[in-house]
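Open the model in your viewer and keep the selection tool at hand. The stops below follow one another, and each says what to select and what is there.

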Amino acid sequence: MADVLIAYDRRKAQTLVERWFEDATEARRERLALEIASLDQPDLEVVLLEAQTRADVRISHARYFDPLAIGVDRLFPPTLKGSP
Amino acid sequence: MTKGEIDRLGTRLRTAPTPEDLRELDTYREEFVPIFRATIPALARDLGTAIVSRHKSARSILDKLERNAPTRLSTVQDIAGARIIVPTIADQDRITSELCARIETTQIVDRRSFPTYGYRAVHVLARFPLPFEFQVRTLAQHRWAQLSERLADQHGFELKYGGGPSHVVAALMTMSRFVADTEYLQTTGRARADGEIIDTDEAIEALERVQMLVGRRGEISEALRIDG
C-alpha cells in the first residue's frame, strides 16, 4: 500500500508537504497533528490518500503532484480536426 | 460514536472548532479505517482496477458543514471515499455495474447526463455499513474535474458551485459540454471529424458543437488560463 499525506496551499496552488508512509497508523496520526496545527489556516488542505501504488495516486490526484499536467489543452483529443 | 455525538460534534465544527473537536472527528474517521485497509484493496483486486482512497480532510468537512448548513455530520455521505479512473465511457459503465454487483449500494448518481456545474462522473454511494462514496470517472471527465479544482484554487472555491468570474464559469461549462460531446462521438464510433461516418442528427449536432468549440480554442484557453 502507498499512503501519502499532503498539505496543499489552495491560494498558492502549491504542495507544502508530501510525505509517504509505510505505516498507515503513523500516517493518520501525522495527519491529525497537521490538521490541528493548521486549524487557523483555511487555505491549507490536509489530505491523506491510500492506493496500491504511488503511480495511481499521482494520476488520481494530479493537482497535488503534477500541476503542469492540468490544463485546458489536455481536454482536446489530439486526433481531433482543428487540434494542433 | 453515537449518531447524537456525531451530530453534536458537527455543530461545534461548524462554529468554532477546537483541537479537541478535531481529535473527536478523528475518532469518528477511525471507524472507517477497516474499509480502507481491507474492503477497498479487495475490491480493487476483484475489479482489476486502481482505486485510490481518500479520507475526507477536516478542512473539507468544515467547509461542507458550513456550506450546507444545517446538514448533520452523521448524514455526510463522503466522509470516506475513493476514486476510480477509467479510459472510456464503456469502461465507466462496466466498472460501475461490476462495483454495484459486489457491494450494498444505496444510490447511484449519474452526473454525465445532468452535470453539477459542469462536473460529470458517476458516484456510487455504498454502505459497509458505514457510508462510502465511490467516484467513477473517465480520464477526460477527470481532467475536466482537475482543471475545475485548479481554477477554483485560483478564482475561489465557489467556482465549483457556479460562482466566481462569469467568463470562467461559462468557459468551464462549455468545456464540460465539449468533453461530453467528444465522449459521445467516441462511444458511438463517430469520432472522425471529417464527417464520413456521421449518420444521426444527435451525432451531427455533437460534431458541430465540437468543431465550433475547436474554432474558439484560443478564447476558451485564455478564459481558463492557469496562472503561475
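Start with the largest pocket, which is lined by 39 residues; nearest its centre lie Lys56(B), Asp78(B), Gln135(B), Lys160(B) and Tyr161(B). A pocket here is an open set of points on a 1 Å grid over the protein atoms alone, with protein on both sides within 12 Å along at least five of seven lines, and lining residues have an atom within 4 Å of a point. To see which elements contribute, colour those that give two or more residues to the lining: in chain A strand E3 (44-51) and helix H3 (62-65), and in chain B strand E1 (52-55), helix H4 (58-67), strand E4 (122-127), strand E5 (131-138) and helix H6 (139-155). Helices (H or I, at least four residues) and strands (E, at least two) are DSSP runs numbered from the N terminus. H6(B) gives the largest share of the lining, five residues. By type, the lining has eleven nonpolar, 13 polar and 15 charged residues. In this division Ala, Val, Leu, Ile, Met, Phe, Trp, Tyr, Cys and Pro are nonpolar, Asp, Glu, Lys and Arg are charged, and the others, Gly among them, are polar. The volume of the largest pocket is about 1,000 Å³, taken as the space filled by probe spheres set on the grid points, which are joined across faces, edges and corners.

Two points on provenance apply to every stop. The model is predicted, so local features need pLDDT of at least 70 and side-chain atom pairs pLDDT 80 or more, while totals for chains, interfaces and linings use all residues. Residues are numbered from 1 along each chain as its sequence is written, chains are lettered from A and ligands numbered from 1 in the order in which they are written, and side-chain values use heavy atoms, without hydrogens and water.

Next, select Asp78(B) and Lys64(B), whose side chains form a salt bridge (3.0 Å, N to O). A salt bridge means a side-chain nitrogen of Lys or Arg within 4 Å of a carboxyl oxygen of Asp or Glu. Asp78(B) sits in the loop between H4 and E2 of chain B and Lys64(B) in helix H4 of chain B, so the pair ties together parts 14 residues apart in sequence. Asp78(B) is buried, at 7% relative accessibility; buried means under 20% relative accessible area, exposed over 50%, and partly exposed in between (1.4 Å probe, protein chains only).

Now show Asp153(B) with Arg63(A), another salt bridge (2.9 Å, N to O). Because Asp153(B) lies in helix H6 of chain B and Arg63(A) in helix H3 of chain A, this pair joins two chains. Both Asp153(B) and Arg63(A) are buried.

Then select Arg10(A), Glu45(A), Arg63(A), Asp63(B), Glu149(B), Asp153(B) and Lys160(B), which salt bridges with shared partners join into one network. Over all chains the count is 34 salt bridges.

Move to Asp43(A) and Arg11(A), which also meet in a salt bridge (2.9 Å, N to O). Asp43(A) is in the loop between helix H1 (24-37) and E3 of chain A, and Arg11(A) is in the loop between E1 and E2 of chain A, so the pair ties together parts 32 residues apart in sequence. Asp43(A) is partly exposed, at 26% relative accessibility, whereas Arg11(A) is exposed, at 66%.

The loop between strand E1 (2-9) and strand E2 (14-21) of chain A also holds Ala13(A). Ala13(A) has a positive phi of about 50° although it is not a glycine, and it is buried, with a relative accessible area of 16%.

Tyr117(B) is partly exposed, with a relative accessible area of 44%.

Met173(B) belongs to helix H7 (residues 166-187) of chain B and is partly exposed, at 40% relative accessibility.

Finish with two cis peptide bonds in chain B. The bond from Ala69(B) to Pro70(B) is cis, with omega near 5°, and Pro70(B) is in the loop between H4 and strand E2 (80-86) of chain B. The bond from Phe128(B) to Pro129(B) is cis, with omega near 5°; look for Pro129(B) in the loop between E4 and E5 of chain B.

Note on methods. 1 Å grid on protein atoms, 1.4 Å probe; cavity = no way out; pocket = protein on both sides within 12 Å on 5 of 7 lines; lining within 4 Å.
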